[in-house]
Amino acid sequence: MNGVEKSSSLMIEREHKGIWQEKVKGFITDLVLLTKRIVLIANVLPVLTGFLLALHFSGGAFRDYWDVFLLTMIGSAFTIAGSLILNNWYEVDLDEKMARTQLRPTVTGNIPMNVVLWLGIISSIIGLGMMLFTTIEAAIYAFLGWFTYVVLYTFWSKRKYTLNTVIGSVSGAFTPLIGWAAIDSAYHIVPIVLFIILFIWQIPHTFAITMRRYHEYKAAGVPMLPVVYGFDMTKRQTVIYIVCLLPLPLFLTSLGTAFTVIAMLLTIGWTIVGFRGFFMEDNMKWAKMIYFYSLAYLMILFTLMIIVTLPIFN
């Protein structure tokens, strides 16, 4: 083979390699969009928190439960991812009408719908199967979270009732129970309060999203609260749910005074932001404030719970 042929062969090889790399990169990007990356992370974090808190309160050592930890985190991640993929598969007609979901592979057609369906089913089976190797209680909570999100929220209520937000919020609230139950029974004040916090937190958080995306949800015909009853009603309900969070840190005093005080201050701050909505004319600005505060609230609260379990604080 002469020099020209070698050079040509190398160029073709590099071109094929580049095409292959682009396809792999594109597929990974589609998978990230399919599993709603931020939503997935936001749901897995409370599982981790519940697991570490259970170890803290039961006096267990992480080194004795590392295998259970891997099963719990990977199993819950697959279960949650499976439910999110099935949600994308079922709601493709809605996503086609909404600007924020135009890049999802179900809309672009990058991944065939039958493949998406099987990805959701297989991911769910793998996740729930792995959870069975932790404890039956943890597996039950994982299944209940999956069933509530996929069947009760996605298939049944989202297209019919404004209460879809409340129903959907139940599914995400199971996550700390999953992590805790992998170690010990979740019949304990801490995981129960975490369930209530997550359930309540998701409602004003979702209201803020739907206010910001009001025109998209209206165009898609999804009966979200702001679309059906307007912004004033949404503001009132948002504040009511945030106020309901105020007493809950007082039930978590076992996590220490510092945590209780910070949790109270965070909740008071969110309440103040909520009440500001009654005096602001720019509804979109207020909804944006509620949205970003809710994200910060969740991340700070659950990360702080992990921090207080570290040996340096005990």
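**Figure 1. Burial in the protein chain.** Buried residues make up 47% of the 314 residues in this chain. Buried means under 20% relative accessible area, exposed means over 50%, and partly exposed lies in between (1.4 Å probe, protein chains only). The model is predicted, so local features need pLDDT of at least 70, side-chain atom pairs count only at pLDDT 80 or more, and totals for chains, interfaces and linings use all residues. Residues are numbered from 1 along each chain as its sequence is written, and side-chain values use heavy atoms, with hydrogens and water left out.

**Figure 2. The helices of the chain.** The secondary structure comes to 14 helices and 0 strands. Helices (H or I, at least four residues) and strands (E, at least two) are DSSP runs, numbered from the N terminus. Along the sequence, the pattern reads α-α-α-α-α-α-α-α-α-α-α-α-α-α. The C-alpha atoms fill a box of roughly 80 × 55 × 35 Å, taken along the principal axes. Among contacts with a separation of 6 or more, 73% join residues 24 or more positions apart. A contact means heavy atoms within 4.5 Å.

Figure 3. The protein chain exposes about 15700 Å². Carbon and sulfur atoms supply 69% of that area. Accessible areas come from the Shrake-Rupley method with a 1.4 Å probe; for residues, only the protein chains shown count as cover. The chain has 22 positive and 17 negative charges, and their mean positions are 6 Å apart. Lys and Arg count as positive, Asp and Glu as negative; His and the chain ends are not counted. Each charge is placed at NZ of Lys, CZ of Arg, CG of Asp or CD of Glu.

**Figure 4. A nonpolar surface patch.** Eight side chains to find here are Phe62, Trp66, Leu70, Ile74, Phe78, Trp118, Ile122 and Ile126. They make a nonpolar patch of about 780 Å². Patches are made of residues with over 30% relative accessible area and no salt bridge: like charges are joined within 9 Å, nonpolar side chains (Val, Leu, Ile, Met, Phe, Trp, Tyr) within 5 Å. Helix 3 (66-90) and helix 6 (113-131) each supply at least two of the patch residues. Helix 3 gives the largest share, 4 residues. Trp118 belongs to helix 6.

**Figure 5. Ile121 in helix 6.** Ile121 lies in helix 6. Its relative accessible area is 28%, so Ile121 is partly exposed. Ile85 is 36 residues away along the chain, yet the C-alpha atoms of Ile121 and Ile85 are separated by 8.6 Å.

Figure 6. The whole structure holds 4 salt bridges. In a salt bridge, a side-chain nitrogen of Lys or Arg is within 4 Å of a carboxyl oxygen of Asp or Glu. Glu91 and Lys158 form one of them (3.0 Å, N to O). Glu91 is in the loop between helix 3 and helix 4 (92-95), and Lys158 is in the loop between helix 7 (136-157) and helix 8 (164-173), so the pair ties together parts 67 residues apart in sequence. Both Glu91 and Lys158 are buried. Asp93 and Arg159 form another, with the closest N and O atoms 2.8 Å apart. This pair links Asp93 in helix 4 to Arg159 in the loop between helix 7 and helix 8, 66 residues apart. Asp93 is partly exposed at 30% relative accessibility, and Arg159 is partly exposed at 33%.

**Figure 7. The Asp95–Arg104 salt bridge.** The side chains of Asp95 and Arg104 meet at 3.3 Å, N to O. Asp95 has 2% relative accessibility, so Asp95 counts as buried. Arg104 is buried as well, at 12%.
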